[in-house]
Amino acid sequence: MDTTEQRIKIAVQKSGRLTDHSRDLLERCGLKLTQSKDQLFCYGENMPVDLLLVRDDDIPGLVSDDVCDLGIVGLNVVNEKRLALEQSGKDALFDQVFELDFGHCRLSVAAPEDVEYSGAKSLQGKRIATSYVATLTDYLQRNGIDAEIVYFSGAVEIAPKLGKADFICDLVSSGATLTANHLGEVETVLESEAVVIQTREPLSDSKQEWVNRILQRLDGVLQVRESKYIMLHAPRAALAEISALLPGAESPTVIPLDGSGDKVAVHAVCRETVFWETLENLKAAGASSLLVLPVEKMLA
Ligand code: ATP
Ligand code: ZN
């Protein structure tokens, strides 16, 4: 069995919006996990990989301090930690190595509905409540705005109602929380999604090899999500038109059909969503016997 030092430690959120997706993705990379009794640790049974279950805010620090080799966390949290370290004259000792295409949200400035807003200059001299102090400080500096930042650790959206701030800067996905509090988005500070970060501390060759393998498998898992395998029959003369209609497909496989004159079978992996319209267009171009199958695994 591997010693603890040779096992890869990945920090993931213990309980929250990123938890299920993070574990699901790792499991789809082939990792089988057992959770420890104290619920702080998941042991990888079939790979030298363990998960540390922590608060998302702690993940960049754990990776920067080389307690964990990798972390799965929102770019918003990564960015805040990196800027907070930089603003206090330190370097963040981690790199963003992969985007995971879940946990999409944005860090936005929002204003009470009755406030007249005419661009970022409207923030000049105002009070803005946020828990993203470093990110907002950076945004205001880059835009040449002088405003007061009021730190709120949570429930930022009630700050204007409490008379504590004129604007807020907080995470938004659907905007429902803002609407419920009579606030509207006025500026986007950062577009965010879950990302993988890796420590800058060099890993042993065997660990780095496993990290590369995990990242390659993650890439495969993300690619197959939308991918479909299309099979159809077509007259050879319609091949060019049909190939052009296949969404996101590399060169299709063309197989002659026995005893059917000039007809061929076309097989292709489509990396974009295959809509009903696509199938109808293919049919109109001469295709028949159309079949669309899910793709389970892919290794480029
Ligand atoms: P923890 O207990 O781990 O500190 P938390 O309350 O800070 O949890 P969650 O609310 O679970 O964190 O959000 C985790 C991440 O999910 C956010 O940092 C962000 O990257 C992402 N996210 C996606 N949509 C939203 C949203 N609408 N509001 C907040 N976070 C979102
Ligand atoms: Zn948090």
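The domain assignment divides the chain of this predicted model into domain 1 (4-103 + 194-223), domain 2 (105-192) and domain 3 (228-294). These bounds come from an automatic or database domain assignment. The C-alpha centres of domain 2 and domain 3 are 50 Å apart. Residues are numbered from 1 along each chain as its sequence is written, and ligands are numbered from 1 in the order in which they are written. In this predicted model local features need pLDDT of at least 70, side-chain atom pairs count only at pLDDT 80 or more, and totals for chains, interfaces and linings use all residues, while side-chain values use heavy atoms, without hydrogens and water.

Ligand 1 is surrounded by 15 residues (a heavy atom within 4 Å of the ligand). Arg17, Arg55, Asp57, Asn76 and Ser173 are the closest. Domain 1 and domain 2 each supply at least three residues to this shell. By class, the shell holds four nonpolar, seven polar and four charged residues. Here Ala, Val, Leu, Ile, Met, Phe, Trp, Tyr, Cys and Pro count as nonpolar, Asp, Glu, Lys and Arg as charged, and the others, Gly among them, as polar.

A side-chain N or O atom of glutamine 13 lies 2.8 Å from a ligand oxygen. For aspartate 57, a side-chain N or O atom is likewise 2.8 Å from an oxygen of ligand 1. Ligand 1 alone exposes 640 Å², of which the protein buries 77% (Shrake-Rupley method, 1.4 Å probe).

Notes
A polar contact is a pair of N or O atoms within 3.5 Å; within protein, one must be able to donate a hydrogen and the other to accept it, and residues adjacent in sequence count only if both atoms are side-chain atoms.
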